[in-house]
Every structure is written in C-alpha cells, then in structure tokens.
Amino acid sequence: MAGTGKSTISRTIARDLAEKKRLAASFFFTRGRKDVSHAGMFFTTIAAQLAISLPVLRTSISDAIDNNAHIFRQGPREQWNQLILDPLKNAPTQSIQLVVVIDALDECDSMQDIQLILQLLAEAKDLATIRIKIFLTSRPEIPIFDGFRQLSGEAYQDFILHNIPLDTVNADISTFFLQKLSPLKAKHGLGTPWPDEQIIEQLVERAAGLFIYAATTLRFIQDGIDGPEEPLSLVLSATKSSLSATEHLDGIYTTLLQHSVLGRRGHQECVGRFRQVVGSILVIFNTMSARNLAQLLQIPFKMVSSTLDSLRSVVNIPENESQAVRLFHLSFRDFLLDCQRCSDLRFQIDEKERHTSLFRQCMEHISQLQENVCNLWGPGVLITEIPDDTIQKSIPPHVQYACRYWFDHWRLGNLLAREEDIKTIRQFLEQHFLHWLEGLSLIGEVSNGAHMIITLEEILSVSCNAHYFI
C-alpha cells in the first residue's frame, strides 16, 4: 500500500483486528525514534507479540532463545528463521488466519534492511499450519518498489491509495470537515449555518485528495487564538483552486508558518529561533523531549516551548514534558528541507548547516565528561550492577545523545565543516577519548563508538588530500 494517510489506516486496521482477535503482531516504523527507526528490534518485537497472541508458539520461541542466547544481537535473517518462521512451521495444525500489521516501512533507516524484510516476510506464504497475512504500508519509494519486484507475483497484492476514485476520497474528506468543524460553531457562538456548504466545498477542493492537508488545516483552524474564522479565511485565501495537491499542501504549510511563527512579533528573532528549534527536530537521529532538546541546544527551555506552542498544527507536543516531541507528518519535514517547495526563504532549513551546528553542540557536551563520571566504587564493576538512575543522572539524555550521534552530525554536515571542526575532533580525541568511551560503555553503545572511529579515520585519511590525520 502506498500514499498519504497510510499511518492512520494501518492503525485503524490494527485496532479492528485486535478487537476481532485476529491481530498477531504489529510494528510501526518511525524515523527519528531510536528503537523503531531501524530493523534491529523488528523481528524480536514481532516474535514477542506472537508468543502472546499465539500461546502454541511460546515453547518454540522460548527454546530458540535458550538454544541461542545471542539471537537478539544477530541479523534479521537469523532472528526471522529461529524466532518466527521455524516456530510457525512446527506449530500444531490449526484452522486459523492471523494478520501482522507493519506501518511505514519506508521510515526504516536502512534500504538494505527494507528489502531484506520484504524477502523474509514473503516466506510466510508457504506456511501450512498457521496462516499469516502481512498488511504493510509505505510511501511509494524506489527501494520499496525494487523490493517488491524481486518477489513473485503470488507473494503479494498491492493497493495504491492514489488509485481510489477522487469522488470517494472527496466524500470522506467532506464528512471529516463537517464532523470536526461543526462543534466549533457552538463553542465560539458562530452563526448558522457554519460551516456552510460552500466553505466545505472549497476546503475539499483545496485538499485535492490529501488527508494530511485536511488534518493540518483542521488543526490550524482549531488553534485560532481569537476563534476559527480568521485562520479559516487565511486558508481559503492562501491558494488557488487550480494548483496541484502538493502545491495546496505547501500553501497551507506556508500560511500557517507565516501566521503562527511571525504573528505580530519581530520576525527576525522568531525566524532564527524557528530554524534552530524546528530545524534540529527535522534532523536529529532520535526524538527527544522539548526540555532535553533545549539542553542539547543550550538555550532556555522557555524559548523551545514557546516556539513549539505556535506550531501545534504541525508538531505533536505531548502534555507530559518527559515525552518526545515529533512532527505529525513527514511531509512537513520534506517541505522545509526542499527549497523548491518552501518558497518563503525565511522558513527554509539548510540540512547540512543544522547537522554542522548540532555536531558542535555535541562536542561541547562531550567535553564536559570526566573520568569515572558515575563515581563507581571500584574497577571491574559490571554495568548491570550500576543503577539506571545513577547513569541517567551522571549522563543525562542530551549528553547520551551527544556521545552517540556527534559523528553522524559531523559526517552529514561535512561539506560545511571547517578546519576548526577538524581541530575540535582532534582535541576531543586527545583529551576526552577515554571519557567518551566510558560514557558509551555506560549507555551500551561501545560497538557504535568503535565503528565511528574506524569510519572517521577512513574519511579523514582521504579527505582534503590527506591533509588531516587523527
């Protein structure tokens, strides 16, 4: 399945299947969230859920873990075979058909993992005892298409949302607007009828079949400080009806940014804050809370929270401050990073500049690490013996992020890296290398640290005519 609205559909289907007791397992990939942005925990998560939904598999899955204690560190193929496929093959014959729901496969970081996942899942079609169907959603990206092309035609059926007749989609969007806008009439004492038929028709026309446009527009209208009429008027005057679906979506994004970010305040300060805060959210490798983001960027929490408060139409801000802030939809990220789509220069985000800036912020945090940061009672202490709250207090989340991702930010902002950044890395290796390794060990990321150093040496040994060396 491909197309806008896939996540909403897959979550609805998962709920319906769970109510009917036909949901075997589910996994929702999300770019930027550590545990669900890659395939590392994909098959182990599916296996754990299968053991719950299918009790007959518990013994087989448990035996597989007992026989191979390192299965959780092995690759997707070994995990699929030992934890899922073999237990399903050896299960007692049952007349049952269950569904596994996989949402947003395109948001998995590794293109190779995406294609391998598709190949492995296709093997489920040959199961003779328990029948498993896979419901998978994704945007129509080339690696996804290539992965399906490698499968036989019998292994899958595709369903493209964009191929649904536009009249059907428009009818659904019209119902959506009517149901969601009508309660605002009583709340704000608006006249009757509101919204009238002409308003709904105009909104549906501008949505051009995109539910993400409808959802974003609705949140923008609902968040109007003085009521829904002003933002609704801005929406209707923002774009012409002759534009394409993407142009309408870009138009509503531009309108809400101009209205919500700039408002009546001095725009230069607001734009700079927007680029720093929202730009960082677009490129960070693991989502984090607004408070942790403020600590990472070394700016006041109030500055981050006030910036995000004006963007509730496009940014999901949880009530619990400890929970991560994330975008409602990746199309907003795509819009801001594409200078062809984001026509207002004030809101364009330079991805390489943001990576370079975050690299420098990470370096500052790592330089604060010291020997024996957790004040351990002696050498040879096992990580399992150290209370988790001790690690969290000594190496808070923003410092953990800096330890894990400084290299990735430097690499992706490399074209903007100056000689001073090379000197910063050299100084870090000379003064804080062991402190950094200790920190990685405490947060369980030593293997990634080794990979970073190897890759860093390879990059620096061939860059700038081998001018810089570790």
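Modeller: This is a predicted model, in which local features need pLDDT of at least 70, side-chain atom pairs count only at pLDDT 80 or more, and totals for chains, interfaces and linings use all residues. Residues are numbered from 1 along each chain as its sequence is written, and side-chain values use heavy atoms, with hydrogens and water left out.

Biologist: Which residue in β3 is the bridge partner of Leu-98?

Modeller: Strands are DSSP runs (E, at least two residues), numbered from the N terminus. β2 and β3 (residues 131-136) pair in the parallel sense over six bridges, where pairing requires at least two DSSP bridges between the strands. The partner of Leu-98 in β3 is Ile-132.

Biologist: How many of the seven residues of β2 are buried?

Modeller: Buried means under 20% relative accessible area, with a 1.4 Å probe and protein chains only. Strand β2 (residues 97-103) is mostly covered, and β1 (residues 23-28) pairs with β2 in the parallel sense over five bridges. The number of buried residues in β2 is six.

Biologist: What is the orientation of α16 to α18?

Modeller: Helices are DSSP runs of H or I, at least four residues. Helix α16 (residues 351-366) and helix α18 (residues 397-412) pack with their axes 8 Å apart, at an angle of about 140°; axes are lines fitted to C-alpha atoms over the stretch in contact, and angles run from 0 to 180 degrees between N-to-C directions. Angles under 35 degrees count as roughly parallel, over 145 as roughly antiparallel, 65 to 115 as roughly perpendicular and the rest as oblique. The angle therefore makes α16 to α18 oblique.

Definitions and conventions:
Buried means under 20% relative accessible area, exposed over 50%, partly exposed in between (1.4 Å probe, protein chains only).
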